[in-house]
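Dear colleague,

I am passing on a structure that you have not worked with before, and I would be glad if you looked through it alongside the notes that follow.

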Amino acid sequence: MIHLELLRYELKAKRRSILYFCLGLIAWGGLITSLYPTVSGIEAFSDYWGQFPDTLKNLFGGHEINILRAEGYITLEYYQLFLPLIIAAFAFSFAAFCVARARENGTLEILLSHPIERRDYAITSFVALTAGVALLTLVAVGTVMIVSFFLNIDISYAGQLEFAASVFLLNLGLGGACLFASCALKGVGQVYAVGVTLFAASYLVNFLANNWTVFRILDHGLPFHYYDPYATMTSGGFSWTGVAYHLPVAIIFATLSVLALQRKDIVN
Amino acid sequence: MSVYALETRGLTKYYGRHIGINGLDIQVRPGEIFGFLGPNGAGKTTTLRLLVGLLRPTSGSAEILGLDMVRQSLDIRRRVGYIPGEVRLFEHLTGEETLNLLASFRGKQASGMLKELLDRFELDPSRKVSEYSSGNRQKLAIIQAFMHDPEMLILDEPTSALDPLIRHSFYALCREFKQRGRTIFVSSHILPEMEQVCDRVAIIRKGKLVAVEDVAELARKKLRHAEFTLAEEPRGGIPRFASATVQRVNGLRFRADIRGEMDAFVKELSRLPIEDLQVNHASLEEIFLEFYRDEADDSP
């Protein structure tokens, strides 16, 4: 099912991209976390956030966020939008690379002319995508945990790990959708369009649903409904609802990727 | 099960409304080198991609080495080697890494001939593919197709980027494979090469098979040109032949395009006072152009 040599090739091919993403996450996560001890002592910062209307606060993680708490500050500055956006960008690019770009640059033709099942190719690509997203998630959350440890920031490490699982699953689902697009559609541009549209639409609907109940039904079907970093880190319980949504979504898209690739004509 | 190494029956592929190939019926015998000729856009690459399972046929079927092209595609790909029309490889890998990756799909049978082929084509596998010239990329594509000693080779214009020396070496390799009973299905538009290496050729145009000919038979049947000089001006101007079309070149020198048997032409010519005679065989290229000229004349 999983072809190890192909898995190694796909990860090796994107090693520079993975490295640069990791360096960026370490730099940004380290900077944001190291600013917390200073920012948390500035009352004006809290007052400034307090002046925001709840509607607007919901755009950045929810009106119940306490930004004087480390988890609240990191949610507002990093985890709510910036981190999932960065990891999603990687997932979109990786999913596009595995099939759509390989088809465009002709390498898919030579790979699939060899005795490998298309099903195995798609599954291996999904596993490589999973490994890449997992690595970036661990680097991002690990950076926050390590910097918090050295600066004696009062943060729940268990909450950080629960959040890591949450952001990983969110991006695995989004990446899975893009892998399906990569297998089913014609070009790399279309794959990015699907990913960006899904991300933006889901985030927007979630924001609207947090303010107006009419959007809640729609929101329940989209990934950002099940992504709440502050609650995940502070409520003291693993979000199984998120797992119950994101994991089947990822598996469904992986299955659809297999079906789409099996029906696809390989032309450059 | 088919007695042929490759047999297609009404093989058809449409891309939306556009036709790729239409009702293709080809039989390739085991152990022969079969040339597949046609201009750009005729459907050669579509046919070859169908055979290795990269495309799904709209209708029709094919058997390769007795295996169904669609249902047993994986088994077919285990037993064939394929060179794509446009060789585009993994830029960030070295030649060796590329060959290892591709060999990993084949398991133990993967690279029995690898060292011999690397020596033969003088390819340095330690360099990155991005540093290879187009000729070296083509060599790498050839090596990956032949290295597992496949029972059949499906080659899409395999010599397009090779210099004449390597091209010669490549065709020598093809002949060796043929001598060992391997079957080769090769597309090209370089006709003199096909004439030298192929046992039979098929000609395809606008997705349809125009002709399948034995190369040796074609050489016997094919158009010949004769130029002859007469000792004196014939009565009635340019002589008329049933076996040839004659035109005056200059003075008493004439050119005859001979169709059919040479014997009939020689007999007709012997009635004239001949001073000089030169006979040239038309190349396959001229035959090929003839096919297309005829087809073009037929079209509305």
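In what follows, contact means heavy atoms within 4.5 Å. Please keep in mind that this is a predicted model.

I began with two helices of chain A, H2 (residues 15-39) and H8 (residues 118-150), whose axes come within 9 Å and cross at roughly 30°. Because angles under 35 degrees count as roughly parallel, that crossing makes H2(A) roughly parallel to H8(A). The crossing in which H2(A) passes H8(A) is right-handed. On the H2(A) side the residues that meet H8(A) include Ile18(A), Phe21(A), Leu25(A) and Gly29(A), while among their counterparts in H8(A) are Leu135(A), Val139(A), Thr143(A) and Val147(A). Sorted by class, this contact of H2(A) with H8(A) has 11 nonpolar and 6 polar residues, with no charged ones.

The aromatic rings were the next topic, and the count comes to 27 aromatic pairs over all chains. One of them joins Phe21(A) and Phe90(A) edge-to-face, at 5.4 Å centre to centre and with 70° between the planes. This pair links distant parts of the chain, since Phe21(A) lies in helix H2 and Phe90(A) in helix H6 (residues 82-104) of chain A, 69 residues apart. Phe21(A) is partly exposed, with a relative accessible area of 22%, whereas Phe90(A), at 0%, counts as buried.

Phe90(A) also forms a tilted pair with Phe94(A), at 5.7 Å centre to centre and 45° between the planes. These two residues are 4 residues apart in helix H6 of chain A and so are separated by about one helical turn; Phe94(A) is buried, with a relative accessible area of 0%.

Notes. Residues are numbered from 1 along each chain as its sequence is written. Chains are lettered from A and ligands numbered from 1 in the order in which they are written. This is a predicted model: local features need pLDDT of at least 70, side-chain atom pairs count only at pLDDT 80 or more; totals for chains, interfaces and linings use all residues. Side-chain values use heavy atoms; hydrogens and water are left out. Axes are lines fitted to C-alpha atoms, for helices over the stretch in contact, and angles run from 0 to 180 degrees between N-to-C directions. Angles under 35 degrees count as roughly parallel, over 145 as roughly antiparallel, 65 to 115 as roughly perpendicular and the rest as oblique. A crossing is left-handed if the near helix is turned anticlockwise from the far one by less than a right angle, and right-handed if clockwise. Ala, Val, Leu, Ile, Met, Phe, Trp, Tyr, Cys and Pro count as nonpolar, Asp, Glu, Lys and Arg as charged, and the others, Gly among them, as polar. Rings of Phe, Tyr and Trp (its six-membered ring) pair if their centres lie within 6.5 Å; planes under 30 degrees apart count as stacked, over 60 as edge-to-face and the rest as tilted. Buried means under 20% relative accessible area, exposed over 50%, partly exposed in between (1.4 Å probe, protein chains only).
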